[in-house]
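Here's a quick briefing to read alongside the model. Have the sequence and the 3D view open as you go.

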Amino acid sequence: MTVSKGSNRWEDHYSQKARKENYPARSVYKLQEIQQKLRLIRAGHHILDLGCAPGAWLKYAAELVGPSGRVVGIDLKPVTIPLPGHVQTYVADILNLDATISRAIGFDFHIVMSDMAPSTTGQKTVDSARSFELCETALHVARERLLSGGSFICKIFQSEDFKAFSDQLKPLFHNQKTFKPQSCRKGSREIYLIGYGKK
Ligand SMILES: C[S@@+](CC[C@H](N)C(=O)[O-])C[C@H]1O[C@@H](n2cnc3c(N)ncnc32)[C@H](O)[C@@H]1O
(Lines give C-alpha, C1' and ligand atoms only; values in the text may rest on other atoms or scores of the structure.)
Protein backbone atom coordinates (compact mmCIF):
# COMPACT_ATOMS: atom_id res chain seq x y z
CA MET A 1 0.00 0.00 0.00
CA THR A 2 1.34 3.43 -0.89
CA VAL A 3 1.54 5.82 1.97
CA SER A 4 -0.27 9.01 1.02
CA LYS A 5 1.22 12.42 1.63
CA GLY A 6 0.16 13.68 5.01
CA SER A 7 0.19 10.24 6.63
CA ASN A 8 2.47 10.29 9.59
CA ARG A 9 5.09 7.76 10.65
CA TRP A 10 2.83 6.48 13.41
CA GLU A 11 0.10 5.45 10.94
CA ASP A 12 2.66 3.83 8.68
CA HIS A 13 3.85 1.67 11.51
CA TYR A 14 0.46 -0.03 12.08
CA SER A 15 -0.42 -0.33 8.38
CA GLN A 16 2.96 -1.84 7.57
CA LYS A 17 2.80 -4.16 10.54
CA ALA A 18 -0.66 -5.39 9.42
CA ARG A 19 0.66 -6.10 5.92
CA LYS A 20 3.67 -7.92 7.29
CA GLU A 21 1.55 -10.01 9.66
CA ASN A 22 -0.99 -10.74 6.92
CA TYR A 23 -4.01 -8.96 8.38
CA PRO A 24 -6.26 -7.08 5.95
CA ALA A 25 -6.49 -3.94 8.12
CA ARG A 26 -4.57 -2.09 10.81
CA SER A 27 -7.73 -2.17 12.96
CA VAL A 28 -6.58 -5.59 14.21
CA TYR A 29 -4.23 -3.86 16.65
CA LYS A 30 -7.12 -2.11 18.39
CA LEU A 31 -8.72 -5.46 19.24
CA GLN A 32 -5.30 -6.85 20.12
CA GLU A 33 -4.77 -4.02 22.62
CA ILE A 34 -8.23 -4.60 24.13
CA GLN A 35 -7.46 -8.30 24.39
CA GLN A 36 -4.05 -7.68 25.98
CA LYS A 37 -5.70 -5.44 28.57
CA LEU A 38 -8.82 -7.45 29.44
CA ARG A 39 -8.28 -11.02 28.10
CA LEU A 40 -11.98 -11.32 27.25
CA ILE A 41 -11.62 -13.71 24.28
CA ARG A 42 -10.72 -17.31 25.19
CA ALA A 43 -10.26 -20.62 23.40
CA GLY A 44 -13.60 -22.21 22.49
CA HIS A 45 -15.56 -18.94 22.66
CA HIS A 46 -18.39 -18.04 20.30
CA ILE A 47 -17.97 -14.53 18.93
CA LEU A 48 -20.26 -12.27 16.94
CA ASP A 49 -18.43 -9.56 14.96
CA LEU A 50 -20.66 -6.73 13.68
CA GLY A 51 -19.11 -4.70 10.85
CA CYS A 52 -16.50 -7.37 10.18
CA ALA A 53 -15.13 -6.43 6.73
CA PRO A 54 -12.39 -6.58 5.53
CA GLY A 55 -11.86 -9.24 8.21
CA ALA A 56 -8.93 -8.31 10.45
CA TRP A 57 -10.88 -8.74 13.72
CA LEU A 58 -12.42 -11.96 12.37
CA LYS A 59 -9.03 -13.43 11.59
CA TYR A 60 -7.54 -12.45 14.95
CA ALA A 61 -10.60 -13.69 16.89
CA ALA A 62 -10.52 -16.98 14.95
CA GLU A 63 -6.89 -17.48 16.02
CA LEU A 64 -7.76 -16.81 19.67
CA VAL A 65 -10.83 -19.07 19.89
CA GLY A 66 -9.28 -21.88 17.84
CA PRO A 67 -11.18 -24.60 15.97
CA SER A 68 -13.33 -25.47 19.01
CA GLY A 69 -14.75 -21.93 18.91
CA ARG A 70 -17.03 -20.16 16.47
CA VAL A 71 -16.75 -16.70 14.91
CA VAL A 72 -19.65 -15.15 13.02
CA GLY A 73 -19.28 -11.90 11.10
CA ILE A 74 -21.81 -9.55 9.50
CA ASP A 75 -21.09 -6.66 7.17
CA LEU A 76 -22.65 -4.71 4.30
CA LYS A 77 -19.61 -5.78 2.29
CA PRO A 78 -18.36 -9.30 1.64
CA VAL A 79 -15.22 -10.54 3.38
CA THR A 80 -12.85 -11.91 0.75
CA ILE A 81 -9.79 -12.99 2.74
CA PRO A 82 -9.28 -16.72 3.40
CA LEU A 83 -10.56 -17.70 6.84
CA PRO A 84 -10.66 -21.01 8.73
CA GLY A 85 -13.73 -23.24 8.77
CA HIS A 86 -14.95 -22.09 12.18
CA VAL A 87 -15.64 -18.59 10.78
CA GLN A 88 -18.90 -17.79 8.99
CA THR A 89 -19.66 -14.44 7.40
CA TYR A 90 -22.91 -12.91 6.19
CA VAL A 91 -23.50 -9.92 3.94
CA ALA A 92 -26.29 -8.04 5.68
CA ASP A 93 -27.36 -4.70 7.06
CA ILE A 94 -27.46 -4.91 10.83
CA LEU A 95 -30.09 -2.16 10.85
CA ASN A 96 -32.41 -4.34 8.80
CA LEU A 97 -31.57 -7.95 9.52
CA ASP A 98 -33.36 -10.54 7.43
CA ALA A 99 -35.10 -13.26 9.50
CA THR A 100 -33.24 -16.12 7.77
CA ILE A 101 -29.83 -14.58 8.46
CA SER A 102 -30.90 -13.67 11.98
CA ARG A 103 -31.72 -17.33 12.66
CA ALA A 104 -28.52 -18.58 11.00
CA ILE A 105 -26.38 -16.32 13.19
CA GLY A 106 -27.81 -17.91 16.30
CA PHE A 107 -27.60 -17.04 19.98
CA ASP A 108 -25.47 -17.71 23.06
CA PHE A 109 -22.34 -15.76 22.18
CA HIS A 110 -19.57 -15.14 24.72
CA ILE A 111 -18.62 -11.89 22.96
CA VAL A 112 -20.51 -9.46 20.76
CA MET A 113 -18.17 -6.90 19.25
CA SER A 114 -18.86 -3.99 16.95
CA ASP A 115 -16.30 -2.00 15.02
CA MET A 116 -19.05 -0.64 12.75
CA ALA A 117 -18.64 2.78 11.24
CA PRO A 118 -21.17 4.50 8.97
CA SER A 119 -20.15 6.00 5.67
CA THR A 120 -19.58 9.62 6.57
CA THR A 121 -21.16 12.73 5.05
CA GLY A 122 -18.79 15.25 6.61
CA GLN A 123 -21.70 16.74 8.56
CA LYS A 124 -20.82 16.16 12.17
CA THR A 125 -24.38 15.90 13.52
CA VAL A 126 -25.53 13.50 10.78
CA ASP A 127 -22.42 11.33 11.13
CA SER A 128 -22.70 11.21 14.93
CA ALA A 129 -26.39 10.26 14.72
CA ARG A 130 -25.63 7.42 12.27
CA SER A 131 -22.81 6.14 14.41
CA PHE A 132 -25.01 6.25 17.50
CA GLU A 133 -27.75 4.31 15.71
CA LEU A 134 -25.21 1.56 14.88
CA CYS A 135 -24.05 1.46 18.52
CA GLU A 136 -27.59 1.19 19.85
CA THR A 137 -28.36 -1.59 17.38
CA ALA A 138 -25.18 -3.43 18.38
CA LEU A 139 -26.22 -3.14 22.02
CA HIS A 140 -29.67 -4.47 21.17
CA VAL A 141 -28.02 -7.49 19.48
CA ALA A 142 -25.79 -7.99 22.54
CA ARG A 143 -28.79 -7.81 24.86
CA GLU A 144 -30.51 -10.58 22.88
CA ARG A 145 -27.61 -12.83 21.96
CA LEU A 146 -24.98 -12.67 24.70
CA LEU A 147 -24.70 -15.39 27.28
CA SER A 148 -24.84 -14.35 30.88
CA GLY A 149 -21.29 -13.40 31.89
CA GLY A 150 -20.54 -12.39 28.27
CA SER A 151 -18.85 -9.24 26.99
CA PHE A 152 -19.68 -6.41 24.61
CA ILE A 153 -17.02 -4.39 22.80
CA CYS A 154 -18.28 -1.39 20.86
CA LYS A 155 -16.61 1.40 18.91
CA ILE A 156 -18.25 4.75 19.52
CA PHE A 157 -17.29 8.28 18.56
CA GLN A 158 -16.85 10.66 21.45
CA SER A 159 -19.75 13.09 21.28
CA GLU A 160 -22.60 14.25 23.47
CA ASP A 161 -24.19 10.79 22.83
CA PHE A 162 -21.35 9.00 24.58
CA LYS A 163 -22.66 9.36 28.13
CA ALA A 164 -26.18 8.34 27.10
CA PHE A 165 -24.78 5.18 25.53
CA SER A 166 -22.58 4.39 28.49
CA ASP A 167 -25.65 4.78 30.74
CA GLN A 168 -27.50 2.22 28.61
CA LEU A 169 -24.77 -0.36 29.32
CA LYS A 170 -24.87 0.08 33.09
CA PRO A 171 -27.93 -2.04 33.89
CA LEU A 172 -26.77 -4.81 31.55
CA PHE A 173 -23.20 -5.47 32.68
CA HIS A 174 -21.49 -5.82 36.02
CA ASN A 175 -18.42 -3.94 34.75
CA GLN A 176 -17.75 -1.29 32.18
CA LYS A 177 -14.60 0.28 30.78
CA THR A 178 -13.75 2.85 28.15
CA PHE A 179 -10.56 2.22 26.26
CA LYS A 180 -8.66 4.24 23.68
CA PRO A 181 -6.16 1.98 21.91
CA GLN A 182 -2.82 3.55 21.01
CA SER A 183 -3.31 2.22 17.50
CA CYS A 184 -6.34 4.49 16.88
CA ARG A 185 -5.54 7.07 14.24
CA LYS A 186 -4.18 10.31 15.63
CA GLY A 187 -6.98 12.85 16.07
CA SER A 188 -9.70 10.21 15.74
CA ARG A 189 -12.67 10.63 18.07
CA GLU A 190 -13.21 6.89 18.26
CA ILE A 191 -13.12 5.10 21.57
CA TYR A 192 -14.20 1.61 22.67
CA LEU A 193 -16.82 1.06 25.30
CA ILE A 194 -16.58 -2.39 26.85
CA GLY A 195 -19.22 -4.02 29.02
CA TYR A 196 -18.29 -7.31 30.67
CA GLY A 197 -19.99 -9.70 33.00
CA LYS A 198 -23.44 -9.58 31.40
CA LYS A 199 -26.11 -9.82 34.07
C1 LIG B 1 -13.87 0.01 10.37
S2 LIG B 1 -14.68 -1.18 9.40
C3 LIG B 1 -14.49 -2.63 10.36
C4 LIG B 1 -13.10 -3.21 10.29
C5 LIG B 1 -13.05 -4.62 10.88
N6 LIG B 1 -13.19 -4.59 12.33
C7 LIG B 1 -11.73 -5.30 10.56
O8 LIG B 1 -10.93 -5.43 11.48
O9 LIG B 1 -11.52 -5.71 9.41
C10 LIG B 1 -16.36 -0.77 9.65
C11 LIG B 1 -17.32 -1.68 8.92
O12 LIG B 1 -18.67 -1.41 9.37
C13 LIG B 1 -19.51 -1.81 8.33
N14 LIG B 1 -20.88 -1.32 8.52
C15 LIG B 1 -21.30 -0.04 8.55
N16 LIG B 1 -22.65 0.02 8.66
C17 LIG B 1 -23.08 -1.27 8.74
C18 LIG B 1 -24.37 -1.85 8.84
N19 LIG B 1 -25.49 -1.10 8.91
N20 LIG B 1 -24.48 -3.21 8.86
C21 LIG B 1 -23.36 -3.97 8.78
N22 LIG B 1 -22.11 -3.47 8.66
C23 LIG B 1 -21.97 -2.13 8.64
C24 LIG B 1 -18.83 -1.21 7.10
O25 LIG B 1 -19.29 -1.81 5.90
C26 LIG B 1 -17.35 -1.46 7.40
O27 LIG B 1 -16.87 -2.60 6.73
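How do the residues of the shell around the ligand divide into nonpolar, polar and charged? They divide into 16 nonpolar, 3 polar and 4 charged, where Ala, Val, Leu, Ile, Met, Phe, Trp, Tyr, Cys and Pro count as nonpolar, Asp, Glu, Lys and Arg as charged, and the others, Gly among them, as polar.

This is a predicted model, in which local features need pLDDT of at least 70, side-chain atom pairs count only at pLDDT 80 or more, and totals for chains, interfaces and linings use all residues. Numbering runs from 1 along each chain as its sequence is written.

**Confidence**
- The average pLDDT (the predictor's confidence in each residue, from 0 to 100) is 93, and 94% of the residues score at least 70.
- Residues 1-7 fall below 50.

**Ligand shell**
- Ser27, Gly51, Ala56, Ile94 and Asp115 come nearest among the 23 residues around the ligand (C-beta atom, placed from the backbone, within 6 Å of it).
- H3 and S2 are the elements that give two or more residues to this shell (helices are DSSP runs of H or I, at least four residues; strands are E, at least two; both are numbered from the N terminus).

**Around Ala61**
- Ala61 sits in helix H3 and is buried, with 26 other C-beta atoms within 10 Å (the cut-off is 20 or more).
- Leaving out residues up to four places away in sequence, Ala61 touches Ile41, Ile47, Asp49 and Val71 (C-beta atoms, placed from the backbone, within 7 Å).
- Ile47 is in turn in contact with residues including Val65, Phe109 and Met113.

Conventions: Contact = placed C-beta atoms within 7 Å. Buried ≥ 20, exposed ≤ 12 C-beta atoms within 10 Å, placed from the backbone.
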